[in-house]
Amino acid sequence: MKKLYRLIGVGVAAWMLLSAAACTAKIKIESAQPQNRLSIAAEREQAAQCPQKQATKVRPAPVDGQPVLAEPILAVPYTIGWMSDTQHYSAEHPEIYMAMTKYLKENKENLNLQYVAHTGDIVASGGKGAQWKLAREAMDELTGIPYGVLAGNHDVSDGFENYEKYFGQDKFQGQTQYGGSYKNNRDHYDTVRMGDTDYLFVYLSYSPEEEDMAWANQIFSAYPDHVGVLCVHEYLGSESTLRSMGKILQEKVVAKNPNLYLVLCGHRYTEDCIPAQFDDDKDGIKERTVYQCIANYQNIGGGGKGFMRFIEVDEAKGTMRFYTYSPTQQEYRDPPEGAKNKQPVMPLPWAGRKNLAQAAGH
C-alpha cells in the first residue's frame, strides 16, 4: 500500500512539472506578442491551465500521516468601478449615462466587478426633477451590484430635497452592503467583502461640517479590521494638490484613521493618484500610505464622453491597477499631461498589514 501511495505521489509530481513547463513555454511565446488586457474570465481560464499560478491548500490525510494536495483555489483579481461628475449626462447626454451603467451591469462577470462608487455631482441642477429621474433610472441599471453615492455641489444647489427623494436612505436600506446613514444618506457607509479583504466605504457629501467628519471617524473606528475608503466630492484640485476642504479632511479624518488607505474624489478636472504617508504609532516612521485619487472627465467634451475609472485589485500579486475606459468611445484613456502620477500599477497600501486592528491600536 505504501508503494502505491509513493507511485501516485511521483505521478502527480511529474504531471505538475510537465504542466508547469508547458505553461512556462506558453507564457514565453505569448510575452513576445502585444500585451492586451485579459478579461477576468480569460485570466481565470488561463490560471486553470497553469497550476503554478494557483494558490493551493494542503489538508492532512489519514493514510500514513502524509499530506494530500487539495483542490487548487484560484486567486482572481476583482474590480471596483468609480464614477464621478455625471451631471452633464443627466442634463444633456442621457444616452451616455445609460450606456455607462449598462456596460457595468453587462460586464459584471467579465470584470469581476464587486462594487461601484459615485463621488457626486449626479445631476447638473439640483432643483430639476427630470435630471434626478434620469439619473435614478441610470443608476438602477446597477441593481445586483453594490454601489454608493454622495451629493456634490451641483446636487445641492437647491438644497438636499431632491437628493434625499431620489437617493435617500430608503433607496438603499435592506441592501446587503448598506451599513447605515447619517442625515438621510447625506453621509453613509457600506461594508463589502471582496476577495480576502473586508472593505469599508464611507461617504461624505459636499462641504461636510464638523459633525459629519466626527461621524465618519466613529464609523472608521468601529471597523478597525476593514480597509477604509473615504469617498468625498471635493478633495484634490486640478493641479492634484489639496484644496482647502482637502486639507481639512486630511487633517481631521484621513490622518486620524489608521485603517484608511484610499480617498476618492471628483469636482475638479483631472485624473491622478497622489500618495500621502502617515505615522500612526508616532515612532517617527510613516508606515501608512494613503492613495488620494481624483477622476473627473467633464472638461473633455461630451459631458466626459462616458469615461470612468476602474480599480483592479490583485491580492495574489499585492497590486492595484488603475485604468480609464469609455463604453461609448470603446477606448481606454491615458493620464492627462499634467498628472503627477502616471503609474497605472501600484502596491496595495495595506499589503503586509494583515492585522489592521493591531495597526489601529485596538
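This is a predicted model: local features need pLDDT of at least 70, side-chain atom pairs count only at pLDDT 80 or more; totals for chains, interfaces and linings use all residues.

User: Why is Asp198 called partly exposed?

Analyst: Buried means under 20% and exposed means over 50%. Asp198 has 24%, so it falls in between. Arg193, at 48%, is also partly exposed.

User: What makes Asp198 and Arg193 a salt bridge?

Analyst: The cut-off is 4 Å between a side-chain nitrogen of Lys or Arg and a carboxyl oxygen of Asp or Glu. Asp198 and Arg193 meet at 3.0 Å, N to O, so the pair qualifies. By this rule the count comes to 11 salt bridges.

User: How do you know that Asp212 and Lys183 form a salt bridge?

Analyst: Their closest N and O atoms are 3.0 Å apart, so they are within the 4 Å limit. Asp212 sits in helix α8, while Lys183 is in the loop between β6 and β7, 29 residues apart. Asp212 is buried, with a relative accessible area of 5%, whereas Lys183, at 29%, is partly exposed.

User: What ties together the parts that hold Arg309 and Glu271?

Analyst: A salt bridge between their side chains, at 3.3 Å, N to O. Arg309 lies in β13 and Glu271 in β11, so the pair links parts 38 residues apart in sequence. Both residues are buried. Elsewhere, salt bridges that share partners join Lys183, Glu211 and Asp212 into one network.

User: What makes strand β3 largely enclosed?

Analyst: Six of its six residues are buried, so the rest of the structure largely encloses β3. Tyr78, Ile80 and Trp82 point one way, and Thr79, Gly81 and Met83 the other.

User: How do you know that β3 pairs with β13 and β4?

Analyst: Pairing takes at least two bridges. Five bridges join β3 to β13, running antiparallel, and five join β3 to β4 in the parallel sense, so both pairs pass. Ile80 stands opposite Ile311 in β13 and opposite Tyr115 in β4.

Key: Residues are numbered from 1 along each chain as its sequence is written. Side-chain values use heavy atoms; hydrogens and water are left out. Buried means under 20% relative accessible area, exposed over 50%, partly exposed in between (1.4 Å probe, protein chains only). Helices (H or I, at least four residues) and strands (E, at least two) are DSSP runs, numbered from the N terminus.
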